[in-house]
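Visitor: Please give me a close look at one part of this model and at what surrounds it. I would like the criteria stated as you use each term.

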Amino acid sequence: MSVARLRKILANIDAGKPINLSSFLNSIESLNLKERIKSDDVKFSKVKGDKYRVTYIKPSLMSSLRAYTGDEQASRITAAAQNQSHSQKVIGSYLNILLSAHNSDKSYPVFISFDTDGRVTYPPNTPLTKTGSCDLLIIENVQLFLFWHRTVSFLRARCGFDSTSFDIALGRGNEISNTYHKKFLSKYQTIYLCLDIDLGGLMIAKNLINLVPGTPYQFLMPDNIDNYLSRVVEQIDLKTLNDIRAIGLQHPGLFNASRAISKHIKTIEQESFLHD
């Protein structure tokens with residue numbers, strides 16, 4: 001059971017709400033606490049079905065559970081004291097950005113960091129302390145980001161990418177949609193998405209759309225996508241297909257990608273574009 005789930009159960013116990021008792025007891029057993037739970041350490045009364053109201057928890061046991069789950073607002077550092085840093089959001093974030101990628105003579109990659117309020121810190125002695133580009137091109141794949149000249153050429157030739165003023169960001173999967181990036185991303189006029197043509201790519205796009213709902217976007221896809229998908233051997237399962245179709249129906253800008261996948265029942269990674 002996750003830390004967040006156990007924390008919620010404890011909150012329900014504090015509020016006098018009924019809980020699934022067997023699930024709670026099993027989760028305690030799975031923690032391998034120094035103190036082993038005994039039959040009289042937890043007292044309860046049946047409410048209905050598998051729901052019980054916990055009326056008593058041995059103080060030393062409750063103290064251990066609270067130390068393990070921590071406070072809902074606990075920092076990652078605090079959570080690390082119980083080996084649970086993965087249960088907390090990282091304090092800050094970073095992006096690899098290629099500033100002014102439209103101008104090859106002046107463009108170069110920089111590492112920028114974000115605090116929890118979304119404030120941006122650029123490297124020392126960086127001449128371009130803030131972006132002057134109008135648009136942002138997000139490339140999910142590291143290989144395409146490293147060979148960005150070839151990638152941009154392909155996007156212009158086959159995907160309808162026509163921005164004349166843009167930066168490039170390495171998406172790093174769904175990391176790009178971190179809430180700390182909201183202010184930074186919302187400053188761009190248009191966001192172009194170069195992502196995998198699959199459920200993961202559409203999920204990233206969906207999360208970005210929800211993060212900056214007022215910003216126009218374009219999901220970039222080759223005009224010959226049928227050729228790519230037809231060469232793929234493995235088909236996707238029905239659940240994945242239905243999830244993809246649902247996203248396409250929710251967001252008009254993602255519908256064409258969803259329709260192409262539905263037509264072939266196949267997906268494709270963007271790295272294949274480098275070999276066109």
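Guide: The cover over the buried residues of helix α3 includes α1 (3-14), α2 (21-30), β2 and β3, where contact means heavy atoms within 4.5 Å. This is a predicted model, in which local features need pLDDT of at least 70 and side-chain atom pairs count only at pLDDT 80 or more, while totals for chains, interfaces and linings use all residues. Residues are numbered from 1 along each chain as its sequence is written, and side-chain values use heavy atoms, with hydrogens and water left out.

Helices (H or I, at least four residues) and strands (E, at least two) are DSSP runs numbered from the N terminus. In α3, which spans residues 59-69, the buried positions are L61, M62, L65, Y68 and T69. Seen down the axis of α3, these residues fall within an arc of 125°, so they line one face of the helix. The arc is taken over the directions from the helix axis to the C-beta atoms. Buried denotes under 20% relative accessible area, exposed over 50%, and partly exposed the range in between, with a 1.4 Å probe and protein chains only.

Two of the covering elements, β2 and β3, belong to an open sheet of 3 strands with antiparallel pairing and the order β1-β3-β2. Its edge strands, β1 (19-20) and β2 (42-48), each pair on one side only. Two strands pair if DSSP finds at least two bridges between them. Between β1 and β3 (residues 51-57) there are 2 bridges in the antiparallel sense, and N20 stands opposite K51 of β3.

Another strand, β8 (residues 166-170), has 5 of its 5 residues buried. F166, I168 and L170 point one way from β8, and D167 and A169 the other way. Strand β7 (residues 135-139) runs parallel to β8 and is joined to it by 5 bridges; D135 has F166 as its bridge partner in β8. Strand β4 (residues 93-99) runs antiparallel to β8, with 2 bridges, and I97 stands opposite A169.

Finally, the cysteines. A search of the whole structure finds 0 disulfides, a disulfide being a pair of cysteine sulfur atoms within 2.5 Å. The sulfur of C159 lies 6.8 Å from the closest cysteine sulfur, that of C194, which is too far for a bond. C159 is buried at 8% relative accessibility, whereas C134 is partly exposed, with a relative accessible area of 30%.
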